[in-house]
Amino acid sequence: MMKRWKRICAFVALSLIAVTGCTSQTSEQKEADSKKILFEKRDDTLHLTIVESKIWNPLLVTEESVDYALKLVYDGLFSLNEQYNVVNRLADSFSYQNENKDMTVNIRSDAKWHDGTQVTARDIKYTIDFLKSHPESVYYPMINNIASVSVLNNKTVALHLKQSNILQEYSLLFPIIKYSSGSKTPFVWNGTGRYQFDQSEDVRSLLFKEFSDYYGKIGNIKKIKFEMVETEEIRSNLFLSTDSDMINFGRDDISKYDYELFEVTQFPSLQYEMLLFNTKKEPFHTVKNRQALISALNRDMILKNGYRIDNRCNEIFIPQNSLCHLEGIQIPYDIKRTKRDFVSSEKREYELLVDSHRPLRYAAANLIKQEWKKVGVDIKIVGLSSDELKQRLHSGNYDMALIGYWTGFYPDVMKFASTKNLSFYDTSALQQSLNVIQTQQSKTLFLQNYHKFQKQFIQQAFYAGFGHLDSCVAVNRRIQGTLRPNKFDIYYGIEDLKIVDKVYAKQEKKTEDESAVSSPEEKVEESSQE
C-alpha cells in the first residue's frame, strides 16, 4: 500500500509539472525537463482490474468486467470485431442447408484446450446443452433458436434450428467449455483462448499467462494480472493512479480520462437512442404525419449538440460499420416536406416523455422541441423516473418518448418491433417479409434483400432513430499499439499491444509568438528500447 501511495504522489507531482511549466528555466533546463521520465516499465505484465465475483464459469458469470477477462481464456466458435462483424474463432468454416434450418460448423484442426487435448464437436454439443439447462445465463438467448445438436464427426457439428436463419453465426458467440462426463462440477480452469490461468500470488488476484500452443496470433504481452476490487469506482481510481493499465467506461465520464497520460478509444455501444411515436394516437396514427415530423429534425445536429456524438445519424438498430447495415438516410432533413405533409385535426401541445435522470437525453429533447417549433408543432417535455416512464410506455398513455434500447449483438432490425412494440404499430406484414428473406440460399443475396427490407422498415416511421451512444476504453500510454474494442469484447486486438520501456514528458514545440505569451506545456512521449 505504501508503494502505491508513493506512485500516486509521484503521478500528482508530475502532472502539476506538466500543467504549470516554469518560465524562468534556462534553455538547458528546459531541454533536461523534456527528457523527464514519467514512467519506467516496472515489469512485463499487463496490470488490469475486475470487480469481485463469486461465479467463474464463463457461461454463468454476471459481472461484466469478469466476463471480459474470461474471454481472454475461453474462445467461442465466433467473435465480433470492432465493426460488429462476425470473425471465426474455434470455427474453421460453416455452411447452411435445408433453407437455412440446418447449420454445419467445422472446428479448427489446430484448436486445443489448455491441457493439450483437441477441441471436439462433443465439446460444442456439451456447451449448448449446458446452456439449455441454465436459462439464467446471459448467453441463454443465443441458443433459443437451436432445436438440437448432432455430432457428425470429431471435428464437425450440425445445429438444427427452429426457424430459418442465415445469420445464426451471430448467435454463436458464447464461450465453449470442455465436455465433462457426469461431473457435478462441469467447469474447470481449462479454456481454449490466447491466455491460460497461472498460479495466483494471492486470493485477490488472477494471473494469466500466454498459451504457447494457441492457434491464433501470439502477442507481445505474455502475462496479465487482474486485481480484484469491490467496486467500479475503485477500478477507476486504480487506473488514474496508474496501478492499472486499462479501464472501460461510459461516454459521460470521458473528461476524467481524456488527457495526455492516457489513450482513449471510443466505439459504438449497443445502446440505441430513438424517438418513439405512439401510433394509436392522433396525429401519429398516419405514416405520412410521422415521416413529416421526422423530416423536421436535423438529427446530425441533435446527435452532436444533444448527445455529444460526432457520428452521423443511424436510422436503424444495426451498428453503422456492420455488413448488415443499410447505408444512407431514408428520411432526410427536409422542413419543406414537414410543412407540406403534416396534418392534424387537433391543435394541442404534445407530450414528449424523457427519463429525468438522463441529462444527454434531456438535452436532445430540448433540441427536438426547438426543431419542431420552427414548423409550428408545440411539445411539452415531461421528465419522469425510469419506473414512471416504463409504466406510461407499457400502458400506452403517451404521445412520444425519447428512449434508449439495448439492441444486442445480433443484427436484427425486427427485435424491437416484435418483442417490445411500445409504439403499438402492426409489424406482422414486415415480419412475413423478413421470414421469406431468411430462407435465401446465398449470403450475398440475403444481404441485398435485407438492405431493401431495412428501407421498408425505416419508411414505416414508428420511430425516429438517432444512433448508438459511444463507450470508451482508456489505456495508459506505456501500453503501445492499437486496441480495437467493441461492446462484446473490450480486449479485442490485445495481441497487437506491447509494454514500452519508458514514457517521457516531452516539451511541445511552439512558435516564437506562442512562446512569448505562454509557458511551455509538456507532452507525453513513448519510447521503447529494444
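Student: Buried means under 20% relative accessible area, exposed means over 50%, and partly exposed lies in between (1.4 Å probe, protein chains only). Is Arg235 buried or exposed?

Tutor: Arg235 counts as buried because its relative accessibility is 2%. Please keep in mind that this is a predicted model, in which local features need pLDDT of at least 70 and side-chain atom pairs count only at pLDDT 80 or more, while totals for chains, interfaces and linings use all residues. Residues are numbered from 1 along each chain as its sequence is written, and side-chain values use heavy atoms, with hydrogens and water left out.

Student: Where's Arg235, and what does it touch?

Tutor: Arg235 is placed in helix H5, residues 232–240. Helices (H or I, at least four residues) and strands (E, at least two) are DSSP runs, numbered from the N terminus. Leaving out residues up to four places away in sequence, Arg235 touches Thr49, Ile50, Val51, Ser65, Val229, Ile247 and Asn248. Contact here means heavy atoms within 4.5 Å.

Student: What does H5 lie across?

Tutor: Helix H5 lies across S12, strand S13 (262–277) and S17, and runs at about 130° to S12. Axes are lines fitted to C-alpha atoms, for helices over the stretch in contact, and angles run from 0 to 180 degrees between N-to-C directions.

Student: Which sheet has S12 and S17 in it?

Tutor: They belong to an open sheet of six strands with mixed pairing, in the order S12-S17-S13-S16-S14-S15. At its edges are strand S12 (246–250) and S15, each pairing on one side only. On average, neighbouring strands of this sheet are turned by 30° against each other, direction ignored. Two strands pair if DSSP finds at least two bridges between them. S12 and strand S17 (residues 463–476) have five bridges and pair in the antiparallel sense, with Met246 opposite Val475 in S17.

Student: How many bridges join S6 and S8?

Tutor: Strand S6 (residues 102–107) and strand S8 (residues 156–161) pair over five bridges, in the antiparallel sense. Thr104 lies in S6 and stands opposite Ala158 in S8. At 15% relative accessibility, Thr104 counts as buried. The side chains of Thr104 and Gln97 make a polar contact at 3.0 Å. A polar contact is a pair of N or O atoms within 3.5 Å; within protein, one must be able to donate a hydrogen and the other to accept it, and residues adjacent in sequence count only if both atoms are side-chain atoms.

Student: What about helices H13 and H14, how do they cross?

Tutor: The axes of helix H13 (residues 428–437) and helix H14 (residues 443–459) come within 10 Å and cross at roughly 175°. That makes H13 roughly antiparallel to H14, since angles under 35 degrees count as roughly parallel, over 145 as roughly antiparallel, 65 to 115 as roughly perpendicular and the rest as oblique. Among the residues making the contact are Leu430 and Ile437 of H13 and Phe446 and Phe457 of H14.

Student: Last one: how many disulfides are there?

Tutor: The structure holds zero disulfides, a disulfide being a pair of cysteine sulfur atoms within 2.5 Å. Cys313 is buried, with a relative accessible area of 7%, and Cys472 is buried at 1%.
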